[in-house]
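I opened my notebook to go through this structure piece by piece. These are the entries, in the order in which I looked things up.

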2 protein chains.
Amino acid sequence: MPLVCYSRLRMTDYSIGVDLGGTNLRAAAIDAEGKILTKITGSTQYSSGRDAILGHIVTAIKGVQLQVTSGNLLGVGIGIPGFIQIETGVVIGSANLPGFDGYPVRDEIQRQLGIPIILENDANAAALGEQWMGAGRGVKDLVLLTLGTGIGGGILADGRILHGFLGMAGELGHMTVYPDGNPCGCGNFGCLEKHASATAVMSMARALSLGDLDVTAEDVYNLAVEGNPRAKAVFESMGRALGIALASLINIFNFPLYLLSGGALGSWDFFAPAMFEQVRKRSFTFSRTDTRIEKATLGNEAGLYGAAYLPFQLAGAEVVAANPV
Amino acid sequence: MPLVCYSRLRMTDYSIGVDLGGTNLRAAAIDAEGKILTKITGSTQYSSGRDAILGHIVTAIKGVQLQVTSGNLLGVGIGIPGFIQIETGVVIGSANLPGFDGYPVRDEIQRQLGIPIILENDANAAALGEQWMGAGRGVKDLVLLTLGTGIGGGILADGRILHGFLGMAGELGHMTVYPDGNPCGCGNFGCLEKHASATAVMSMARALSLGDLDVTAEDVYNLAVEGNPRAKAVFESMGRALGIALASLINIFNFPLYLLSGGALGSWDFFAPAMFEQVRKRSFTFSRTDTRIEKATLGNEAGLYGAAYLPFQLAGAEVVAANPV
């Protein structure tokens, strides 16, 4: 259990974390020691529109709050897949969430609930969650890569999320790994996420005629387990792209820990050897120090924990860095 | 003139900055407002050995101190081309400085002078100098790339140098831009500095039979000015590599400002168009925001200013971020 320094916190304080995922919405009340007091999972469809989604969020928060019978609600943190202008709480450029672009999401939820709300990008929240209660315990500086349909990133420097001047930092899926690589919707060629996400795995499998047109990353994994050399080659290619990006990140940040999370993590055994080979070759910092690249441990819960941690962090709590992992 | 908040500083405080360059050693006394009180330039040869170099540094600091007739010496900052373990003041892995690896440089100079000494990597010091008195005034978050024989980097987040856990952060010259590119002494292939430094310019020129074997980057520049298409192509290649790296840095950091400095900056007009073309294509953050990529303005003085600023920063001075550029 990580130690938390309480400055203005009371032991009975709790917060609510909300994680707005692609198909479901989860919310949990969590106390200052990271204990989940209650948790609910609901479904939400991005296609149902902004007001419906906001309604689901408000309902989920109210539902959780009703189930907590004692203690003081410090605030609510919400992880959202999009850029957040942190100071204004406005979501910008979220391709997945139609109607959210430029909308004052934070203030609107706050108005409906009368509770302090903090918005955060979902990958940033996941990084914070891993630092609080997962694989990043006791580590103040870390980078998280989320390997899903795309690749997201969260960067924690000295225990704080690195936001950049507009809240757009950590777009690690759009680092260029192959300057003449696969085209990306962002306008670039060779983005990391076009070579190492679950979607990239599926594209590579299709190009190798592995399975049907609707082959999934899991299918490719199962083929690799059976020893299929082309399926294995797909994950080696994924590992190489990850290794190229991680080596640059390590040379840039010299952080002690880089975490990988997301659905594609299940194929670690197939992509990790190629990844480590690249990192060793491409980063003298990695090969000469005890820099770690590891699996995140909280799975889908990371974003929930991280969202819930936001009000604690704002209130002055600080996870003690020296706490052993 | 940037505003400096004085917390524990007196107006009469000054500091001494030292910049240990490849062929010369410069030292200056600078006051809290960035005014150079006195400056000396001496020569030093890395080949003369550790004790001689340390002797030159100590002599230079004493020489400067003697010329300042009033005020209180707050401390001395020294920029050194190598990794610095910030907490211990030990230099590690500096290929250019034989005998320095693992040596307690800070404590030894401190012992000889009896003055508080702060060591810093030279590129980090240059970034800080540009922020204090150069092109980065009023900008708390910036990245500096130094384009010389190699490529160094300095990252300032919230006005502080990003060191990483071992002082090795900011090795931006070793970002991979071409996974199968030119081999680098670090063990990698396609490092930025093998495609965009002055040395890379010379290598490309030689491969194109531009001039003699001892062709310099300046010769290539002069050929480009005369309209030589191959010389121009060399700088375009340099610009492309820089653009690929900068696009990734912008996607990672979302900082408002990226500065380029160093000898190769003179060929800006020839490499910048290709650089901006790549950045626009490869970073949606760049193309959708007013992110700036600009020339640093202090030249060789940046490291000197930055080194001198270190004692002020330690003493609690803070350049006011809102100060207009």
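**Entry 1: a sheet in chain A**

I started with strand 10 (residues 151-157) of chain A, which runs antiparallel to strand 11 of chain A and is joined to strand 11 by two bridges. I noted that the model I am reading is predicted. I then looked for a facing pair and found Leu156(A) opposite Ile161(A) in strand 11 of chain A.

Next I traced the whole sheet. It is open, has five strands in the order 11-10-9-12-13 (chain A), and its pairing is mixed. Which strands stand at the edges? I found strand 11 (160-161) and strand 13 of chain A there; each has a single partner strand, so one side of each lacks a neighbour in the sheet.

**Entry 2: helix 8 of chain A**

I checked the length of helix 8 of chain A. Its 15 residues, at 1.5 Å a residue, should span 21 Å. I read 20 Å between its end C-alpha atoms, which agrees.

Then I listed the buried residues of helix 8 of chain A: Phe270(A), Phe271(A), Ala274(A), Met275(A), Gln278(A), Val279(A) and Arg282(A).

**Entry 3: where chain A meets chain B**

I turned to the two chains. I found 33 residues of chain A in contact with 33 residues of chain B. On the chain A side, the elements that give two or more residues are helix 7 (229-253), helix 8 (268-282) and helix 9 (284-288) of chain A. Which of them gives the most? It is helix 7 of chain A, with six residues. By class, I have 19 nonpolar, ten polar and four charged residues on the side of chain A that touches chain B.

**Entry 4: the two domains of chain A**

I looked up the domain assignment of chain A. It gives domain 1 (4-129 + 301-319) and domain 2 (138-295). The C-alpha centres of domain 1 and domain 2 of chain A lie 27 Å apart. Their contact takes 13 residues from domain 1 of chain A and 15 residues from domain 2 of chain A.

On the domain 1 side, strand 6 (83-85), helix 3 (122-133) and strand 14 (318-319) of chain A each supply at least two residues. Helix 3 of chain A has the largest share of that side, six residues. I sorted the domain 1 side by class: nine nonpolar, two polar and two charged residues.

**Entry 5: strand 3 of chain B**

I finished in chain B. Strand 3 (residues 24-31) of chain B is mostly covered, with six of its eight residues buried. I checked its partners. Strand 2 (residues 13-20) of chain B pairs with strand 3 in the antiparallel sense over seven bridges, and a hairpin of three residues joins the two. Strand 4 (residues 36-43) of chain B also runs antiparallel to strand 3, again joined by seven bridges.

I followed Ala27(B) across. Val18(B) stands opposite Ala27(B), and in strand 4 of chain B the bridge partner of Ala27(B) is Ile40(B).

Four residues lie between the strands, and Gly34(B) takes a positive phi near 90°.

How values were computed: Residues are numbered from 1 along each chain as its sequence is written. Chains are lettered from A and ligands numbered from 1 in the order in which they are written. This is a predicted model: local features need pLDDT of at least 70, side-chain atom pairs count only at pLDDT 80 or more; totals for chains, interfaces and linings use all residues. Two residues are in contact if their C-beta atoms, placed from the backbone, lie within 7 Å. Ala, Val, Leu, Ile, Met, Phe, Trp, Tyr, Cys and Pro count as nonpolar, Asp, Glu, Lys and Arg as charged, and the others, Gly among them, as polar. The expected span of a helix is 1.5 Å times one less than its number of residues. A residue is buried if 20 or more other C-beta atoms lie within 10 Å of its own, exposed if 12 or fewer, and partly exposed in between; C-beta atoms are placed from the backbone. Two strands pair if DSSP finds at least two bridges between them. Domain bounds come from an automatic or database domain assignment.
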